[in-house]
Amino acid sequence: MQSVSDVWSMILTRLREELSETTIKTWFDETEVVALEGDTMILYCPNAFKRSNIQDRFLGNIEAGLKDIFSSDITVKLLDEEGLRRYRSGESDRPSSLMESGEFTFETFVVGPSNRLACSAAKAVADAPGQHYNPLFIYGDSGLGKTHLLYAIAHVIRNKYPGSRIVYIKGDEFINDFIDSVRTGKAGDFRTKYREADLLLVDDIQFVAGKVETQNEFFHTFNTLYESKKQIVLTSDRPPHEMAQLDDRLRTRFEWGLMTDVQPPDLETRIAIIKNKAVQLGFALPDDIASYIATKITANVRQLEGTVKKIKAFHDLEGTVIDHQCVDRAIQDMSRSSEFIITADTIIKEICRYFRLEEDQIRGQSRSRDCVNARQIAMYLIRRMTSLSLSETGGEFSNRDHTTVLHSIEQVEKKMKKDPSFAETVKSIITNINSTK
């Protein structure tokens, strides 16, 4: 049986096939493997800058290598010195080391028109947990700061109320945790963990939709915490009414408090985010460089911050002058990954190819069985694979309204659940769309 050290050596060997030896030595020379527990590999890196770069740039490569080795998804967790101490002493590692690092606080969160209400609501919750906006439901696309706000709330409450029991969990992890508790007969421990929390933070709650038993368990967890006036904060990529398979009981409870969205930042906010991140990393960016980055990357806060980190690395490690050429080099990887963007047109073209139909048949009013089936799948995939709203999705099909789109999504989800061959058809289409990248 392979030791965890052997596995890490195999991962480094795989990384050398994708990265230069200089890159490996630069970023991984201080990284040690600690353990492989269940579906999690635990790594330790004492250098905050290197740890952050591994998290942002190489985590996907590592997890892909682990999946090749074990034929299953393995999550990688990076610990700092305090996280390693807590792990070795057997202390709970929730909230995560990232949450405890002080990097994600309200002070480091750049506020603009796109996120002002969400930030204000998060601050109100942190100042008086359980008294305002319970639950607080924050929704929006990935990379816009939802998790940052969760961490910031935890940071304030941890400092104001040191004895508070804070539980942070991702939606898919909650599902796995629940399944494990049933499998191992430890349902009581599971319920104690979640129902005795003073603050429950759930990231990407949309994953519980459609999971009947998990939804039922979360319903009772929610009720217990709510009735005890314990604070609940949820994030999602969409509002509750757009979660087609979400239990009505949960939908109404998610809407009890305050729902607020976060949108992509405008130009001024993007520039502020860029300059703020540079200051956090200990250097200053000229105004023209910050503006140049902001015009290149327009929709994702993580990409903005990642670009600044790369510029800092190029400057510190290679002595590169910070100019437009340096910026272009820093964003090259992200630009390359975004050269192909999945759009409604991309999806509709693949649907037409797969079912041998014409675009005007799918976009138009044809009520033939084949066209209706293909159209519903197209609506389902557009909603799942693009950032278009229900109304915008309907606009791609002779301006059908959002209720028609929602009905189509529900129909596809029901068919996928009941008919394995239909589910395979949808998965094949998704694979075809992604392979065109």
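Reader: How far does helix 8 (residues 171-184) reach from its first C-alpha to its last?
Author: This is a predicted model, in which local features need pLDDT of at least 70 and side-chain atom pairs count only at pLDDT 80 or more, while totals for chains, interfaces and linings use all residues. Residues are numbered from 1 along each chain as its sequence is written, and side-chain values use heavy atoms, with hydrogens and water left out. Helices (H or I, at least four residues) and strands (E, at least two) are DSSP runs numbered from the N terminus, and the expected span of a helix is 1.5 Å times one less than its number of residues. Helix 8 has 14 residues, and its reach is close to the 20 Å expected at 1.5 Å a residue, namely 20 Å.

Reader: Within what arc do the buried residues of helix 8 fall when seen down its axis?
Author: Buried means under 20% relative accessible area, exposed over 50% and partly exposed in between, with a 1.4 Å probe and protein chains only. In helix 8 the buried residues are Gly-171, Phe-174, Ile-175, Phe-178 and Ser-181. The arc is taken over the directions from the helix axis to the C-beta atoms, and the buried residues of helix 8 line one face of the helix because they fall within an arc of 130°.

Reader: Which residue with a positive phi follows helix 8?
Author: What covers the buried residues of helix 8 includes strand 5 (166-170), helix 9 (187-195), strand 6 (199-203) and helix 10 (212-227), where contact means heavy atoms within 4.5 Å. After helix 8 comes a residue whose phi is near 70°, and this residue is Gly-185.

Reader: At what angle do helix 1 (residues 4-18) and helix 3 (residues 48-70) pack?
Author: Axes are lines fitted to C-alpha atoms, for helices over the stretch in contact, and angles run from 0 to 180 degrees between N-to-C directions. Among the residues of helix 1 that meet helix 3 are Trp-8 and Arg-14. The axes of helix 1 and helix 3 lie 10 Å apart, and the packing angle is about 120°.

Reader: Which peptide bond is cis, with omega near 5°?
Author: The proline concerned, Pro-135, lies in the loop between helix 6 (116-127) and strand 4 (136-139). The cis bond is the one from Asn-134 to Pro-135.

Reader: What is the relative accessible area of Lys-229?
Author: Lys-229 is not a glycine, yet its phi is positive, at about 60°. Lys-229 sits in the loop between helix 10 and strand 7 (231-236). Lys-229 is exposed, with a relative accessible area of 63%.
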